[in-house]
Amino acid sequence: MTAETSKLVLTQTAVSLRGVTRTYGRGDAEIQALRGVDLEVEPGDLVVVVGPSGSGKTTLVNIIGGIESASSGQVVVAGEEISQRSPAQLSDFRRDHVGFVFQFFNLIPTLTARENVEVIIELTGRGDRARVPELLGDVGLGDRMDHFPAQLSGGQQQRVALARALATEPDLLLADEPTGALDLATGRQILQLLQRLNRAGLTIVMVTHNSSVAQIATRVVTVVDGRIESVRRIPRPADAVDVAW
C-alpha cells in the first residue's frame, strides 16, 4: 500500500476493528479479554473508553496501537491492516503512526525535558529536533525544558510525556489513564490540553476509569466483559470543557 493510498483510507476511518478477539492462556486457564469487538474511530474523534476494571479497555487500546496482536479479527489503523503483522512490523507501524501516553510517565531521569523528547526523534528517525522547544512550549513547559524529571511536578512530567508522544507527528494518539497518577487539578489541566490537541485535528483514543472524562469526548465507548456494550456520540461543545471530577 502506498503512502498516498494509506492517507486516502485514513480520511475515511482512523481505526476499524471487525470481530476482534484477544485470548490469553489455554484450557482451564484461558481468559477472553476481548470477545468479537467491532469499532470505528473517525479522523478527528476524541474517543473515551470506559468500563469496569478488567473489562478489556487496555487490551483494546494495546491492539489498536500494535502493542499486542489480536487473536482473531481484522484491525485497520491509519489505513493499514495490522492484525497479522510480525513483532518487527508492528514496531515499524507504531513508530510511523502512533503516539502513546501512559499513566506513568516513563521519562529517562538522567535526561532533561528537552532531551527526553529529542531521544524519541533520534530513536525513530521521525520528527524534527528543531521543533522540540515549540512542542514543549505548546504543552506549557517552554521555561522548564532544561529541567530534569526530578525537578518537575507530576503534571509537568506528564506534559513532557505528551510532547514526546507528539514529536513523531503521529496519526493517532493513544492515552491509557493519562491522569491516573495526577491530582485532580493537574489531571484537569492535562485533559484540557488533550482536548485542545483534538480540536486542532489530532485523533485521540483514551482509556479512563473516570466517567467524568467523557465530557471532553466526541464518542464514549463502554466496554464490559470484553465486549463493547455501547457507543455514545457526544455533541462537541462550543468551548473547552472545565472537567468536573
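Colleague: What do the numbers and values rest on?

Modeller: Residues are counted from 1 along each chain as its sequence is written, and side-chain values use heavy atoms, leaving out hydrogens and water. As the model is predicted, local features need pLDDT of at least 70 and side-chain atom pairs count only at pLDDT 80 or more, while totals for chains, interfaces and linings use all residues.

Colleague: Which strands stand at the edges of the open sheet of four strands?

Modeller: Helices (H or I, at least four residues) and strands (E, at least two) are DSSP runs, numbered from the N terminus. Two strands pair if DSSP finds at least two bridges between them, and the antiparallel order here is E2-E1-E4-E5. A strand with a single partner has one side left without a neighbour in the sheet, so the edges are E2 (31-41) and E5 (80-81).

Colleague: In E8, which residue is the bridge partner of Leu172?

Modeller: E7 runs parallel to E6 (residues 98-102), with five bridges. E7 also pairs in the parallel sense with E8 (residues 203-207), over five bridges. In E8, the partner of Leu172 is Thr203.

Colleague: How do helices H4 and H6 lie, roughly parallel or roughly antiparallel?

Modeller: Axes are lines fitted to C-alpha atoms, for helices over the stretch in contact (heavy atoms within 4.5 Å), and angles run from 0 to 180 degrees between N-to-C directions. H4 (residues 113-124) and H6 (residues 154-166) pack with axes 8 Å apart, at an angle of about 25°. Angles under 35 degrees count as roughly parallel, over 145 as roughly antiparallel, 65 to 115 as roughly perpendicular and the rest as oblique, so H4 and H6 are roughly parallel.

Colleague: What is the relative accessible area of Val50?

Modeller: Val50 has its place in strand E3, residues 46-50. Val50 is buried, and its relative accessible area is 12%.

Key
Buried means under 20% relative accessible area, exposed over 50%, partly exposed in between (1.4 Å probe, protein chains only).
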